[in-house]
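Let's walk through this fold together, with the sequence at hand and the structure open beside it.

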Amino acid sequence: MGNEIPLKFYDIVDEYSTESAEPVNAPERDALARYFQLLITRLSNNEEISEEAQQEMAREANIDAQRIDDIAEFLNRWGNE
């Protein structure tokens, strides 16, 4: 991948993998780290994140769209801790 993904997003993937409904397999780690990077960057910029935007980011990061809701719930719990 041309863009280096900071390690902090892999740390988030590791945390997510302990709580996710579906196990995270090794090949998914890069894609999930990229998705978290895209998502958290938008959140940090106070951008609204629609379902359409989540679908677009999932396609860009190449993650299974079925993970979107699970990730949103994880981030909601994570943000409230």
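In which loop does Asn 62 lie? Asn 62 sits in the loop between H3 and H4. Before going further, a word on what you are looking at: this is a predicted model, in which local features need pLDDT of at least 70 and side-chain atom pairs count only at pLDDT 80 or more, while totals for chains, interfaces and linings use all residues. Residues are numbered from 1 along each chain as its sequence is written, and side-chain values use heavy atoms, with hydrogens and water left out. The helix names follow DSSP runs numbered from the N terminus (helices are H or I, at least four residues; strands are E, at least two).

The phi angle of Asn 62 is near 65 degrees, a positive value in a residue other than glycine. Asn 62 counts as exposed, at 66% relative accessibility. For these labels, buried means under 20% relative accessible area, exposed means over 50%, and partly exposed is in between, using a 1.4 Å probe and protein chains only.

Asn 46 follows H2 and is placed in the loop between H2 and helix H3, residues 51–61. Its phi is near 55 degrees, again positive in a residue other than glycine. With a relative accessible area of 71%, Asn 46 is exposed. If you look from here towards Arg 59, 13 residues away in sequence, the C-alpha atoms are 21 Å apart in space.

Now turn to H2 itself. This helix covers residues 28–44, 17 residues in total, and reaches 24 Å from its first C-alpha to its last. That is close to the 24 Å expected at 1.5 Å a residue, where the expected span is 1.5 Å times one less than the number of residues.

How does H2 meet its partner H1? Helix H1 (residues 7–19) packs against H2 at an angle of about 110 degrees, with the axes 8 Å apart. Here axes are lines fitted to C-alpha atoms, for helices over the stretch in contact, and angles run from 0 to 180 degrees between N-to-C directions. The two helices H1 and H2 are therefore roughly perpendicular to each other; angles under 35 degrees count as roughly parallel, over 145 as roughly antiparallel, 65 to 115 as roughly perpendicular and the rest as oblique. On the H1 side, Phe 9, Tyr 10, Ile 12, Val 13, Asp 14 and Tyr 16 meet Arg 29, Asp 30, Leu 32, Ala 33, Phe 36, Gln 37 and Ile 40 in H2. Contact means heavy atoms within 4.5 Å. The residues of this contact divide into 9 nonpolar, 1 polar and 3 charged, where Ala, Val, Leu, Ile, Met, Phe, Trp, Tyr, Cys and Pro count as nonpolar, Asp, Glu, Lys and Arg as charged, and the others, Gly among them, as polar.

Leaving aside neighbours within four places in sequence, Phe 36 is in contact with Phe 9, Ile 12, Val 13, Tyr 16, Thr 41, Ile 71, Phe 74 and Leu 75.

Finally, look at Gln 54 in helix H3. Gln 54 is buried, with a relative accessible area of 15%. Not counting residues up to four places away in sequence, Gln 54 touches Tyr 35, Ile 49, Ile 68 and Ala 72.
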